[in-house]
Amino acid sequence: MIRLSDIQDKVTRYAPGADLDLIERAYILSAQCHDGQKRRSGEPYLIHPLAVADILADLKLDVDCIAVGLLHDVIEDTLITYEEVKAQFGVDIANMVDGLSKISKIMFKSREEAQAESFRKMVFAMARDIRVVLVKLADRAHNMRTLHYMPERKQLRIARETLEIYAPIAHRLGIQTIKIELEDLSFKYLHPDVYRDIEDNLAATRAEREAYMERVRILLADAMRSAQLEVEVFGRVKNIYSIYRKMVRNSVEFEQIHDLTGFRMLVETVGQCYQALGQVHAMFKPLDSRFKDFIAVPKSNGYQSLHTTVFGPDNEQIEIQIRTREMHAVAETGIAAHWRYKEGRLHLDRKEIEDVAKLRQLVESAQEVEDPSEFMQSIRSDLTSEEVYVFTPAGAVLAFPEGATPLDFAFAIHTEVGLHCTGAKVDGRIVPFDYCLKSGETVHIITHPSARPSVAWLKLVVTSRAKTKIRAFLRQEERVRGRELGRGILEREFKKHGLNLNKLIKDDAFKQPLQSLHIRNMDELYLNVALGKITIEKVLLEFVPKEKLQTERAKASLVDKLKERLKFKRQAASSSPVRIKGEGDILVSFAKCCNPLHGDPIIGTITLGHGISIHLADCPNALNMEPSRRIEVAWDEQTRHYRNVKIRVICVDRAGMLVHMSKAIAHDGVNITTAECKSIGDKKAINNFEITVADRETLDKVIASLERVKGVISVERVFA
Ligand code: MN
């Protein structure tokens, strides 16, 4: 079992003065959290985070990374929360641990192979800190090493996922050591027979191969020494999976593969690279066509090295790579090699790393894709990242176009969730409906059975699915409302003529009339009546004689009025009365505690489940709210919504006062909804009016008019 001190020693070797205390604190918390938990192997769980941290130390990563390696499963598997990790280790480490829990959640959901590519993109997109991916790779490497403890079904799934998702990620990041390990381990579980075949073949030829390699190595080393060049020479053997791939690609047997072995020569300076090359070519005849100078012309991913193929002893072809130690670090550990040790602590130049990662991705895609147009497309989508990937609370991943909002998300979950959405939380925080989702966020939709979409929602969504569903709902709602209206009209009109609509329906008396009106059913009749497509007169004529009907018909068609009303409602719903600073249209409700009116100074508060609530600027309820939940709002100049407000008038108690006061209110064209008057003794009376006004200006006019009424003592607006 790996010990903490082993890891600390390793770190000290490549980063003297690193914060070992941080590693120790992470170790202690991890040990406490996982206390009593066991791996499938029966060993204490703690061996896993220790092994992961050790792999990260092998990659020479910074102490934050090592700490995250130790803590990577605590949010996922134990009772500790993000907040607690943040309190103890700061926001960077907490975010990385959190990101890891999120990645592992998706991975266990991703069964479809078709999704592999989007998960791969996903991992990048959500790893706002690319170190998260490095820790995840180390985590997977250790899980693959211990995969034999898993049941067979799981072994296959995990191995496939590793080969399809994690090994390519390691490859793109240039971390060859992990890539090779992941490939070979996956391959071993996916094709155990082929794996064993190649393994046996390698074993059978090992002695011979090793003897040959040692012979070449000594020849090379001696030649370098006599040229007074300090060079490290390594022989290496291809990994099993790449041998397999070569056999498949060239349709050959194991025996026909000639470049199983190769050599690497590491030197200090670029000049020495060319000197060493000269020595090699002086000793062995080069195969001209196979020389490549990636030092003068580096690969676009930054890889540098000299490659040459020569005819070695016994006329065997051998490939030799020559590079500096620094170039070698980049070639082996890719992105990880870019963590630099600066001013006493490891320092990460984020921009640089991201650039390298992006370049690597491009180069890889160029190599993997054959059709040039497909390549262009993959570049475009990689570079512009038009998609965002977000999580459901259960950890499933959904992809959206850029600019998608919580409403898009709600409709993607389920139509019913969308239709009843009242609010959304992103990573635990309430957000407005026009919030743009970002990759890696977890979205929780708040619904209420009585919530309904409005026309304003159409401007808040970008996905066609959400748009279609909202439109369908609005159309349907209009029809329902139309039917209700139509039925109401018919009921009233029939009543006027001494007919009971419900009874007629029950008695099946509509069967014949519907036929002669060419209407299929009652619902259609109601709708047609509401929309004015069929006049009430026409319907009534089916039941009432014409002469009788004409005498009772004096007033304007009610249908026309209703049509007006429908039109008005539609206009009103299309825009919000309130603007939120810096935001577009947004769903608002008015606080009952202070009942603000257009023109009042106002402030918005973000509520749980009801969007933005509008209060008077000095409403105590709003002022008592946490500042972070208050939001600046302003009235929309163009839009007026009629609202009921209450006013209280104290006046002398005498006959006729109510008439005068009502007149004063009506003079300003304002409706009184309710009026309540009562004597309070001392020859005074108190009058509570509820009136309907569009704005503060009108209200102020009404108050001024009331104050001018003789006998009025005081007028005040009542807020609750
Ligand atoms: Mn783990």
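# Report on a predicted structure with a manganese site

In this predicted model, Asp 73 is buried, with a relative accessible area of 10%. Asp 139 also counts as buried, at 5% relative accessibility.

## The manganese site

The manganese ion has four protein donors: His 48 through NE2, His 72 through NE2, Asp 73 through OD and Asp 139 through OD. These donors lie 2.1 to 2.4 Å from the ion. Along the chain, the donors follow the spacing H-x23-H-D-x65-D. Asp 73 is found in the loop between α4 (63-71) and α5 (74-77), whereas Asp 139 sits in helix α8 (residues 131-145), so the pair ties together parts that are 66 residues apart in sequence.

In soluble globular proteins, nonpolar side chains tend to be buried together. The largest nonpolar core of this model has 73 residues, and Val 11, Ile 66, Ile 93 and Leu 137 touch the most other members. Domain 1 (4-198) and domain 2 (199-337) each supply at least three residues to this core. A second, separate core holds 26 residues, including Tyr 435, Leu 437, Val 443 and Trp 457.

The surroundings of Ile 66 can be given in detail. Leaving aside residues up to four places away in sequence, Ile 66 touches Ile 7, Val 11, Tyr 14, Ile 23, Ala 53, Leu 56, Ala 57 and Leu 61.

## The three-stranded sheet

Three strands make up an open sheet in the order β12-β11-β13, with antiparallel pairing. The edge strands, β12 and β13, each pair on one side only. From one strand to the next, the twist averages 35°.

Strand β11 (residues 421-426) has five of its six residues buried, so this strand is largely enclosed by the rest of the structure. With strand β13 (residues 443-447), β11 pairs in the antiparallel sense over five bridges. Within β13, Ile 446 stands opposite Gly 423, and His 444 is the bridge partner of Lys 425.

On the other pairing, β11 and strand β12 (residues 429-431) are joined in the antiparallel sense over three bridges. Here Val 431 in β12 is the bridge partner of Ala 424. The two strands β11 and β12 form a hairpin with two residues between them, and Asp 427 in the turn has a positive phi of about 50°. Helix α18 (residues 406-413) lies across β11, β12 and β13, and runs at about 80° to β13.

## The four-stranded sheet

A further open sheet has four strands in the order β21-β22-β20-β23, and its pairing is antiparallel. The edges are taken by β21 (671-681) and β23 (712-718), each with a single partner strand, so one side of each is left without a neighbour in the sheet. Direction ignored, neighbouring strands of this sheet are turned by 20° against each other on average.

Strand β20 (residues 643-652) pairs with β23 in the antiparallel sense over six bridges. In this pairing, Arg 648 stands opposite Glu 716 in β23.

Two helices pack on the sheet. Helix α28 (residues 657-667) touches β20, β21, β22 (684-693) and β23, and its direction makes about 25° with that of β22. Helix α29 (residues 696-708) touches β20, β22 and β23, and its direction makes about 160° with that of β23.

Key
Residues are numbered from 1 along each chain as its sequence is written. This is a predicted model: local features need pLDDT of at least 70, side-chain atom pairs count only at pLDDT 80 or more; totals for chains, interfaces and linings use all residues. Side-chain values use heavy atoms; hydrogens and water are left out. Donors are N, O and S atoms within 2.8 Å of the metal (3.2 Å for Na, K and Ca); water is not among the atoms, so sites may look incomplete. Buried means under 20% relative accessible area, exposed over 50%, partly exposed in between (1.4 Å probe, protein chains only). Two strands pair if DSSP finds at least two bridges between them. A nonpolar core is a set of buried Ala, Val, Leu, Ile, Met, Phe, Trp, Tyr and Cys residues joined through side-chain atoms within 4.5 Å. Domain bounds come from an automatic or database domain assignment. Contact means heavy atoms within 4.5 Å. Axes are lines fitted to C-alpha atoms, for helices over the stretch in contact, and angles run from 0 to 180 degrees between N-to-C directions.
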